[in-house]
Amino acid sequence: MAPISSLQNPKVKRLVALQQKSSERRKAGVFVAEGQRELMHCINAGLQVNTIYYCPEIMNAGDREDLHRSNADVDASSLLSAASECIEVTPVVYDKIAYRGGTEGVLAEVRPRTLCLDDLDPHGLYVVLESVEKPGNLGAILRSADAAGATAVIVCDPRTDLYNPNLIRSSIGAIFTVPTVACSSEECIAWLKANDITILTAQLQDSSLYYDTDMKRPTAIVMGTEATGLTPQWREAADAHIRIPMLGKLDSLNVSVSAAILLFEAVRQRQTL
């Protein structure tokens, strides 16, 4: 089959819409994973890859029957064999359907994995985020959660699509490696309390230093937005309030930086068990 070369092709228009609009992703029941590393994380996580679009010229392949990159950990031929359908596109078309540059000439339509709270192991370490709205922040937190071996990230009352292309990019695929659940704050609080998971809210008011707080038992580290912090329902539900000491002129850190600090304090404490 000849590669797709027309920007007016219906498949090209569909991919552009999926990249740009969360409403299109919800309606179609798919999202776009872009880049060899990200796509391999999808496959390893067991997600269903429907269709792969690839451009051999961009993938630096010498043989279309044996596509691979010698300078990467990812075997491109394995990627192409993971989909029910593979469609070749020209460089011009790939440039149109790709959300960002430097994605190695491959992207795919993938079915999302929908998890609920009851799918999670109730004996671990969780990051809970209330009303997160910046995809870049959530992506960075997912990277830290993956690095710290967190059990899950729970996004309460989300204001961003979990499969936003910017989130996938900033997480470098951690959205596929870390179990992630979207739910309401009320549902999350009820689940945490029902499973006897310690709720630690990160806040400046009425709080103790984070390294003086026990994080060895099942623990949820709860963080709000940088602009408004946590709502009263979380502060009232907390078992303890924690803070990171601020020794300069400013009174807060970026939420993703704060999450990394708190996660690795939990890792430090648990390594001493």
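**Entry 1: the model.** I noted before anything else that I am working with a predicted model.

**Entry 2: the seven-stranded sheet.** I looked up the strand order and found an open sheet of seven strands, which runs β7-β6-β5-β10-β8-β11-β9 with parallel pairing. I then asked myself which strands stand at the edges. They are β7 (180–183) and β9 (208–209), and because each has a single partner strand, one side of each is left without a neighbour in the sheet. As a reminder, I wrote down that the strands of a sheet pair through backbone hydrogen bonds, either parallel or antiparallel.

Entry 3: How far apart are the axes of α7 and α12? I found them 8 Å apart, with the helices packing at an angle of about 15°, which makes α7 roughly parallel to α12. Their crossing is right-handed. I listed the residues that meet, and among them are Asn137, Ala140 and Ile141 in α7 and Val255, Leu263 and Phe264 in α12. Sorted by class, the contact has nine nonpolar, three polar and no charged residues.

**Entry 4: the four-stranded sheet.** I next turned to an open sheet of four strands, ordered β1-β4-β2-β3, in which the pairing is mixed. Here β1 and β3 (85–88) stand at the edges with a single partner strand each, so one side of each has no neighbour in the sheet. Neighbouring strands of this sheet are turned by 20° against each other on average, direction ignored. Four bridges join β1 to β4 (residues 106–110), and these two strands run antiparallel; in β4, Val110 is the bridge partner of Phe31. Helix α1 (residues 10–20) packs on this sheet, touching β1, β2 (49–54), β3 and β4, with its direction at about 80° to that of β4. Helix α3 (residues 36–44) packs on the sheet too, touching β1, β2 and β4, and makes about 30° with the direction of β4.

**Entry 5: aromatic pairs.** I searched the whole structure and found four aromatic pairs. In one of them, Phe31 and Tyr163 are stacked, 4.2 Å centre to centre with 20° between the planes. Phe31 lies in β1 (residues 31–34) and Tyr163 in the loop between β6 and α8 (165–171), so the pair ties together parts that are 132 residues apart in sequence.

Terms used
Residues numbered from 1 in each chain as written. Predicted model: local features only at pLDDT ≥ 70, side-chain atom pairs only at ≥ 80, totals over all residues. Heavy atoms only, no water. Pairing = 2+ DSSP bridges. Axes fitted to C-alpha atoms, helices over the stretch in contact; angles between N-to-C directions. Parallel < 35°, antiparallel > 145°, perpendicular 65-115°, else oblique. Left-handed = near helix turned anticlockwise from the far one by under 90°. Contact = heavy atoms within 4.5 Å. Nonpolar A, V, L, I, M, F, W, Y, C, P; charged D, E, K, R; others polar. Phe/Tyr/Trp six-rings, centres within 6.5 Å; stacked < 30°, edge-to-face > 60°.
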